[in-house]
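Biologist: I would like to learn how the features of a model are read from its coordinates. Could we take them in turn, with the general idea before the case?

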Amino acid sequence: EAGQPGALGLQFQDLTPETARGMGSSSGGVIVTAVEPGSAASVAGIQRRDVITAVGPQSVRDSASFLAALEKLGEGEAAVLLVERGGSKTYAILKR
């Protein structure tokens, strides 16, 4: 199942256990499959193949939990995403 919250400018899908192992990731989450140039996701530094594992304090297990966490944010509220890239973790501030 793939998702695309249009206003954020990113496409993503569930991180499968097989893909997680191949990337050296131990956690669940969503993997970014595309980032629209000039979008909020691009400005935040999110890249294709990044794995989003949390939105604020809420863990992301799959596409449904990622979308649910984003929906809990207030209108115009920035999303703090925990992102895994190349074995390291970083935060990205996604302004909506």
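Modeller: Let us begin with the polar contact, which is a pair of N or O atoms within 3.5 Å; within protein, one must be able to donate a hydrogen and the other to accept it, and residues adjacent in sequence count only if both atoms are side-chain atoms. This is a predicted model, in which local features need pLDDT of at least 70 and side-chain atom pairs count only at pLDDT 80 or more, whereas totals for chains, interfaces and linings use all residues. Residues are numbered from 1 along each chain as its sequence is written, and side-chain values use heavy atoms, with hydrogens and water left out. In this model the side chain of aspartate 50 comes to 2.8 Å from the backbone nitrogen of glutamine 47.

Biologist: Where does aspartate 50 lie, and is aspartate 50 buried or exposed?

Modeller: Aspartate 50 belongs to the loop between α2 and β4, where helices (H or I, at least four residues) and strands (E, at least two) are DSSP runs numbered from the N terminus. Its relative accessible area is 1%, and it is therefore classed as buried (under 20%; exposed is over 50% and partly exposed lies in between, with a 1.4 Å probe and protein chains only). Beyond its neighbours within four places in sequence, aspartate 50 has contacts (heavy atoms within 4.5 Å) with residues including Val30, Val32, Gly45 and Glu84.

Biologist: What is the phi of arginine 49?

Modeller: Most residues other than glycine have a negative phi. Arginine 49 has a positive phi of about 80°, although it is not a glycine; it sits in the loop between α2 (40-43) and β4 (51-55) and is partly exposed, at 47% relative accessible area.

Biologist: How many salt bridges does a search of the whole structure find?

Modeller: A salt bridge requires a side-chain nitrogen of Lys or Arg within 4 Å of a carboxyl oxygen of Asp or Glu, and the search finds 2. In one of them, the side chains of arginine 85 and aspartate 50 meet at 2.7 Å, N to O. Arginine 85 is in strand β6 (residues 79-85) and aspartate 50 in the loop between α2 and β4, so this pair ties together parts that are 35 residues apart in sequence. Arginine 85 is partly exposed, with a relative accessible area of 32%. Glutamate 84 and lysine 89 also form a salt bridge, with their closest N and O atoms 3.9 Å apart; glutamate 84 is buried at 12%, while lysine 89 is exposed at 57%.

Biologist: Which residues form an aromatic pair that is edge-to-face?

Modeller: A pair of aromatic rings is described by the distance of the centres and the angle of the planes. Rings of Phe, Tyr and Trp (its six-membered ring) pair if their centres lie within 6.5 Å, planes under 30 degrees apart being stacked, over 60 edge-to-face and the rest tilted. The search finds 1 aromatic pair: phenylalanine 12 and phenylalanine 66 are edge-to-face, at 4.9 Å centre to centre and 90° between the planes. The pair links strand β2 (residues 10-14), which holds phenylalanine 12, to helix α3 (residues 63-71), which holds phenylalanine 66, across 54 residues. Both phenylalanine 12 and phenylalanine 66 are buried.

Biologist: In β3, which residue is the bridge partner of phenylalanine 12?

Modeller: Strands pair if DSSP finds at least two bridges between them; β2 and strand β3 (residues 30-35) are antiparallel over 5 bridges, and valine 32 is the partner of phenylalanine 12. The strands β3 and β4 are also paired in the antiparallel sense, over 2 bridges, with valine 30 facing isoleucine 52 of β4 as its bridge partner.
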